[in-house]
Amino acid sequence: MFSGQLPPYLEPRKFADQERVVEGEARVGDLPRLREYRESLDQPVRVRLAFGRDEDGRRRVQGRVETSLVLVCQRCLEPVQQEVAADVDLMLVWSEEQAKALPADLDPLLVTEERMTLAELVEEELLLAMPLVALHDQCPDPPPQSAGDPGDQDDNQSDPDNPFAVLARLKGRRK
């Protein structure tokens, strides 16, 4: 699935005990939950994850995942290239109870099997890092203005395609 030295699967407990580093590149098209960004499928996804233990002996994964996605600008509705990067800092836990027992400033990664796919972890982090609203710094074209001028609205009341035309006629009968 992934090219280069990225493994398709991780063994988080083993990797943390061995202090392994997973580093390399994939493509957006390799990540099933990001395939809807069709214009970005060939974009590289850079991954660097270091597994180990924190000062309290808890298993942890730290690193960074980043890519560039073509999103839709919510101002002009044109494509906008957006850098998406996530700094990863997760504590490995094997149950909901362990997750709840972590201090509030630590984020858990619930591991339910011995192995997990690297794609799941990378996808989740990138999806969480995506902007709520994608916008150009400066839109290439100004957003389209509403069609017609306000004086045209009276003409729309008799338009059969206007869903409010019937209401306007009914309202006129009450007078």
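Me: Let's start with Asp17: is this residue buried or partly exposed?

Reply: Asp17 is partly exposed, with a relative accessible area of 42%. Keep in mind that this is a predicted model. To read such a percentage, remember that buried means under 20% and exposed means over 50%.

Me: Which residue does Asp17 pair with in a salt bridge?

Reply: Look for a Lys or Arg nitrogen within 4 Å of an Asp or Glu oxygen. Here the partner is Arg59, and the closest N and O atoms are 3.0 Å apart. Asp17 sits in helix α1 and Arg59 in strand β4 (residues 59-72), so the bridge links parts of the chain 42 residues apart. Arg59 itself is buried, at 17% relative accessible area.

Me: What does Arg13, also in helix α1, pair with?

Reply: With Glu114, where the closest N and O atoms are 3.7 Å apart. Glu114 lies in the loop between β6 (107-110) and β7 (116-117), while Arg13 belongs to helix α1 (residues 12-18), so this pair ties together parts 101 residues apart in sequence. As for accessibility, Arg13 counts as partly exposed, at 30%.

Me: How many salt bridges are there in the structure?

Reply: There are 11. One of them joins the side chains of Arg58 and Asp54, at 2.9 Å from N to O. In that pair, Arg58 is partly exposed at 27%, whereas Asp54 is buried at 10%. Salt bridges can also share partners, and in this model that joins Arg46, Arg64, Glu66 and Asp87 into one network.

Me: Now cysteines. How many disulfides does the model have?

Reply: First, the idea: a disulfide is a covalent bond between the sulfur atoms of two cysteines. The cut-off used here is 2.5 Å between the sulfurs. By that rule, the count is zero.

Me: How do I read the length of a helix, say α3?

Reply: Compare its end-to-end reach with what you'd expect at 1.5 Å a residue. Helix α3 (residues 118-129) has 12 residues and reaches 17 Å from its first C-alpha to its last, close to the expected 16 Å.

Me: Which residues of α3 are buried?

Reply: Leu118, Ala119, Leu121, Val122, Glu123, Glu125 and Leu126. Notice that Glu123 and Glu125 are in that list.

Me: And what lines the largest pocket?

Reply: To read a pocket, ask about its volume, its lining and the elements that supply the lining. This one has a volume of about 310 Å³. Its lining has 18 residues, with Leu109, Leu110, Met116, Leu121 and Glu124 nearest the centre. β5 (79-93), β6 and α3 each supply at least two residues. Helix α3 gives the most, with five.

Me: How many of those lining residues are nonpolar, polar or charged?

Reply: Nine are nonpolar, one is polar and eight are charged.

Notes:
Residues numbered from 1 in each chain as written. Predicted model: local features only at pLDDT ≥ 70, side-chain atom pairs only at ≥ 80, totals over all residues. Heavy atoms only, no water. Helix = DSSP H or I, 4+ residues; strand = E, 2+ residues; numbered from the N terminus. Expected span 1.5 Å × (residues − 1). Buried < 20%, exposed > 50% of the residue type's maximum accessible area, 1.4 Å probe, protein only. 1 Å grid on protein atoms, 1.4 Å probe; cavity = no way out; pocket = protein on both sides within 12 Å on 5 of 7 lines; lining within 4 Å. Points joined across faces, edges and corners; volume = space filled by probe spheres on them. Nonpolar A, V, L, I, M, F, W, Y, C, P; charged D, E, K, R; others polar.
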